[in-house]
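The following paragraphs go through one chain, from its overall build to a surface feature. Please keep the sequence and the model in view while reading.

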Amino acid sequence: MIYLNKVIENHLYLTDYNAHKLLSISILIAIKYNEDIIYNNDYYAQIFGLSLKEVNQLEYSFLILIDFNLYVEQKFIKKFLKHIYEIIQ
């Protein structure tokens with residue numbers, strides 16, 4: 001969600017058309033950044049219901065939009081979680 005928020009704050013609007021794709025790619029990027037064992041993009045394309053070509057293009061574009069900066073500071077995570085808790089209460 002934090003990666004998705006980065007892109008939305010700086011570059012894009014979330015719409016009915018792009019929500020699925022943006023969420024899918026932000027999950028893919030988070031998995032690749034945080035997990036030791038990852039699968040190839042063809043596997044994720046099948047899970048997300050997208051073509052391999054589209055996943056590759058979206059991943060590359062998404063990374064460009066966030067300047068390939070995948071590190072998230074602890075204070076930002078806490079701030080983000082606090083905001084989420086306020087919304088759901």
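Buried stands for under 20% relative accessible area, exposed for over 50%, and partly exposed for the range in between, with a 1.4 Å probe and protein chains only. Isoleucine 84, at 31% relative accessibility, therefore counts as partly exposed. In the chain of 89 residues, 29% are buried.

The model is predicted: local features need pLDDT of at least 70, side-chain atom pairs count only at pLDDT 80 or more, and totals for chains, interfaces and linings use all residues. Residues are numbered from 1 along each chain as its sequence is written, and side-chain values use heavy atoms, without hydrogens and water.

The chain has five helices and zero strands, where helices (H or I, at least four residues) and strands (E, at least two) are DSSP runs numbered from the N terminus. The order of elements is α-α-α-α-α. Along the principal axes, the C-alpha atoms fill a box of roughly 35 × 30 × 25 Å. Of the contacts (heavy atoms within 4.5 Å) between residues at least 6 apart in sequence, 62% join residues at least 24 apart.

Carbon and sulfur atoms hold 57% of the accessible surface of about 6600 Å², an area from the Shrake-Rupley method with a 1.4 Å probe, for which only the protein chains shown count as cover for residues.

Isoleucine 84 lies in helix α5, residues 74-88. Ile84 also belongs to a nonpolar surface patch with Leu81, Tyr85, Ile87 and Ile88, which together have about 500 Å² of accessible area. Such a patch takes residues with over 30% relative accessible area and no salt bridge, nonpolar side chains (Val, Leu, Ile, Met, Phe, Trp, Tyr) being joined within 5 Å and like charges within 9 Å; a salt bridge is a side-chain nitrogen of Lys or Arg within 4 Å of a carboxyl oxygen of Asp or Glu.
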